[in-house]
Amino acid sequence: MEAFTRLTGRAASLDEDNIDTDVIYPARFLTITARDGLGAYAFADRAFRIKDVPVLVAGANFGCGSSREQAVWALLGCGVRCIIAPGFGEIFAGNCIRNGVLPVTLDAADVARMHRAASKGEAFTVDLPACTVQVGAWQPVPFAIPEPQRQALLNGWDETAAILARDGDAIAAFEQRQRSEQPWLYS
Amino acid sequence: MGRTLYAKLWDSHVVRPGDAGEDLLYIDRQLVHEVSSPQAFRALTDAGRALRRTETHLAVADHAVPTQSRDLPATDPVAAAQVAELEGNARDFGVRYHPLNGAGHGIVHVIGPEQGFTLPGITLVCGDSHTTTHGAFGALAFGIGASECGTVMATQCLVQKRAATMRVNLHGRLPRWACAKDIALALIARIGAQGARGYAVEYAGPAIAALDMAGRMTLCNMTIEAGSRIGLVAPDETTFAWLKGRAGAPAGADWDRAVTYWQSLASDADAQYDRELAMDLSALEPHVTWGTSPDQGAPVNGAVPEPGSAAPEDQARIARALDYMGLEPGMALADIAIDRVFIGSCTNSRIEDLRIAAQVAQGRKVASGVRAMVVPGSAATKQQAEAEGLADIFRAAGFEWRDAGCSMCVAMNEDRLAPGERCASTSNRNFEGRQGQGGRTHLMSPASAAAAAITGCIADVRDVMAGTD
């Protein structure tokens with residue numbers, strides 16, 4: 001996946017809580033098995049469109065509901081690389097990390113003023129090495145992200161490759177122990 | 001200090017402890033379906049990787065399959081190609097696959113338990129958020145994305161962040177005609193659509209001990225609608241009796257050894273939880289949703305809320321939901337006329353769900369102008385329902401009797417609402433467009449959905465069945 005370090009650009013604002021992944025990517029397009037080209041279906045049943053902005057400022061519990069990774073692929077297809085919200089659906093947030101999209105969780109007051117700034121077309125700078133979001137001339141707003149996720153994004157690591165490279169022996173040892181303790185899982 | 005069921009499941013699957021609570025976990029089983037697997041298989045092919053353990057995966061097409069008849073050709077060529085791709089991948093990678101016409105076909109979350117693929121004490125994943133269902137067996141089961149599906153195929157592992165723990169203590173006897181679905185809808189209305197986010201939820205207490213496996217599955221299934229990826233019930237005698245003799249369940253000496261292990265999984269008496277809730281079920285009323293999020297629900301004899309009387313931060317959300325749903329503030333829920341009824345989905349399509357719906361439907365007729373369908377969760381459930389005479393009851397009452405699949409829960413096949421149509425549904429999500437673009441969904445139990453079919457509007461099943469018990 002593409003690494004994430006810093007980006008600067010304008011932001012789209014979708015100020016509504018509990019936007020689920022059915023709204024982001026309606027189910028009737030889930031029969032498409034490609035990952036690319038899904039941007040055309042993002043928010044297909046809403047008037048909301050994302051055009052040429054790398055940041056989306058969203059509401060609480062953004063991406064709740066279905067685990068469909070197509071929601072992230074569709075946003076990526078619209079050019080979105082960072083989503084700022086007071087909170088995310090857990091599976092959606094994990095899918096973001098695995099596709100080089102940075103989910104930034106901030107408190108509701110910070111997100112509220114970022115919605116206003118996004119609507120005014122102000123420039124957002126998201127800095128993952130520094131863990132800050134800067135909007136226009138504001139003081140940079142710090143955010144927290146678990147260090148393993150930050151490293152994965154900064155380096156563009158592929159989780160499968162990383163596990164295979166690092167943990168082969170540990171996995172084999174686990175299986176050997178489990179096979180003797182719970183043989184019914186291996187018959 | 002004692003450990004919780006969740007901690008025991010987690011600790012027993014750590015391959016390598018990681019930083020910031022993110023451990024490498026071993027994944028024992030994966031259910032594979034047509035929507036979240038093509039990209040995962042392609043990632044394997046592109047990287048030249050094999051499946052680490054083919055026997056730990058079970059594949060079935062459920063989301064987009066037609067339910068009208070297995071003999072008709074699929075009308076949607078894109079969906080048919082997606083199913084064919086799953087079939088081809090299963091063949092090429094050596095994964096067990098249940099074909100559409102086979103006796104083992106059904107919704108992943110129905111056939112996993114039915115076939116004993118789901119077992120207590122295991123980790124189980126699927127590229128589907130309702131994988132929470134399998135927690136009813138005391139399995140650590142959670143939904144994942146397609147990328148993670150590929151990681152599990154290649155490594156049998158996933159990096160996961162350990163959740164906080166929440167225990168929901170349920171007591172009191174579930175009243176007649178109240179169902180596990182009503183417990184779920186009442187709980188979600190109380191704590192909200194993100195109320196359990198970040199937590200692994202364990203359902204416990206005397207009312208859980210008294211609940212059958214189908215009810216436990218419904219409750220765990222709906223846990224994702226409160227924002228949690230994990231719903232759990234400790235395995236007990238009810239679990240063991242349900243599992244014994246199923247195709248994938250251990251047998252002989254292995255069974256005894258397994259049960260001994262499974263009995264050790266229950267939370268210790270002195271285990272601590274990060275959050276505890278209690279719910280008294282003795283006065284639980286049938287619940288229905290009025291909005292576009294599963295937490296927007298109320299007792300069936302209640303009313304659609306007035307946005308103006310809600311907390312300031314909720315007003316816009318409620319107003320928007322009512323606008324989409326075409327409802328007036330303050331109107332009685334029981335006055336809302338419906339066009340369609342859907343009894344099915346991984347939440348409520350098991351034999352117990354069909355039995356209670358059939359009890360309501362027996363000797364009655366679907367209201368004029370209402371189109372109602374029953375979609376069993378699996379071929380085995382369908383066959384059992386036919387053997388028990390339930391299918392005849394439904395057909396005689398005017399319900400359509402279908403083949404298994406996700407059907408109108410996700411509307412990826414022909415089963416979908418037209419714009420503006422209103423549905424009484426036993427599924428799990430009332431999101432905008434979930435049952436078809438512009439469709440309006442009211443979530444409820446199988447008993448309530450059958451009552452809605454008979455009366456043509458949202459109805460209190462206790463009134464419909466008054467005097468019959």
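A salt bridge is defined here as a side-chain nitrogen of Lys or Arg within 4 Å of a carboxyl oxygen of Asp or Glu. By this rule the structure holds 38 salt bridges over all chains. The model is predicted, so that local features need pLDDT of at least 70 and side-chain atom pairs count only at pLDDT 80 or more, while totals for chains, interfaces and linings use all residues. Residues are numbered from 1 along each chain as its sequence is written, chains are lettered from A in the order in which they are written, and side-chain values use heavy atoms, with hydrogens and water left out.

**Figure 1. The interface of chain B and chain A.** Chain B gives 68 residues to the contact and chain A gives 56 residues, where contact means heavy atoms within 4.5 Å. The two chains bury about 5000 Å² between them, 53% of it on carbon and sulfur atoms; buried area is the accessible area (1.4 Å probe) that two parts lose on being put together, summed over both. Seven salt bridges are found across this interface. One of them joins Glu16(A) to Arg320(B), with the closest N and O atoms 3.2 Å apart. Between chain B and chain A there are also 26 residue pairs in polar contact (both at pLDDT 80 or more). A polar contact is a pair of N or O atoms within 3.5 Å; within protein, one must be able to donate a hydrogen and the other to accept it, and residues adjacent in sequence count only if both atoms are side-chain atoms.

Figure 2. Helices (H or I, at least four residues) and strands (E, at least two) are DSSP runs, numbered from the N terminus. Elements that give two or more residues to the side of chain B that touches chain A include strand S1 (14–16), helix H3 (77–93), helix H5 (146–155) and helix H11 (312–325) of chain B. H5(B) provides the largest share of this side, seven residues. By class, the side of chain B that touches chain A comprises 28 nonpolar, 18 polar and 22 charged residues. Ala, Val, Leu, Ile, Met, Phe, Trp, Tyr, Cys and Pro count as nonpolar, Asp, Glu, Lys and Arg as charged, and the others, Gly among them, as polar.

Figure 3. The buried residues of H2(B) are Pro38(B), Gln39(B), Ala40(B), Phe41(B) and Leu44(B). Buried means under 20% relative accessible area, exposed over 50%, and partly exposed in between (1.4 Å probe, protein chains only). The cover over these residues includes helix H2 (70–77) of chain A, together with strand S3 (29–32), H3 and H5 of chain B.

**Figure 4. A salt bridge between Arg49(B) and Asp158(A).** The side chains of Arg49(B) and Asp158(A) meet at 3.6 Å, N to O. The pair crosses between chains, with Arg49(B) in the loop between H2 and strand S4 (57–60) of chain B and Asp158(A) in the loop between H5 and helix H6 (159–181) of chain A. Arg49(B) is partly exposed, with a relative accessible area of 24%, and Asp158(A) is partly exposed at 36%.

**Figure 5. Salt bridges within a chain.** Side chains of opposite charge can pair when their charged atoms come close. In chain A, Arg150(A) forms a salt bridge with Glu147(A), the closest N and O atoms being 3.0 Å apart. Both residues lie in helix H5 (residues 147–155) of chain A, three residues apart, about one turn of the helix. Arg150(A) is buried, with a relative accessible area of 15%, whereas Glu147(A) is partly exposed at 36%. In chain B, Arg317(B) and Asp295(B) meet in a salt bridge of 2.8 Å, N to O. This pair links distant parts of the chain, 22 residues apart, with Arg317(B) in helix H11 and Asp295(B) in the loop between strand S13 (287–289) and strand S14 (297–299) of chain B.

**Figure 6. The two domains of chain B.** Chain B is divided into domain 1 (5–275) and domain 2 (287–464), with bounds from an automatic or database domain assignment. The domain centres, taken over C-alpha atoms, are separated by 24 Å. Domain 1 and domain 2 of chain B bury about 3500 Å² between them, 57% of it on carbon and sulfur atoms. One salt bridge is counted between the two domains.
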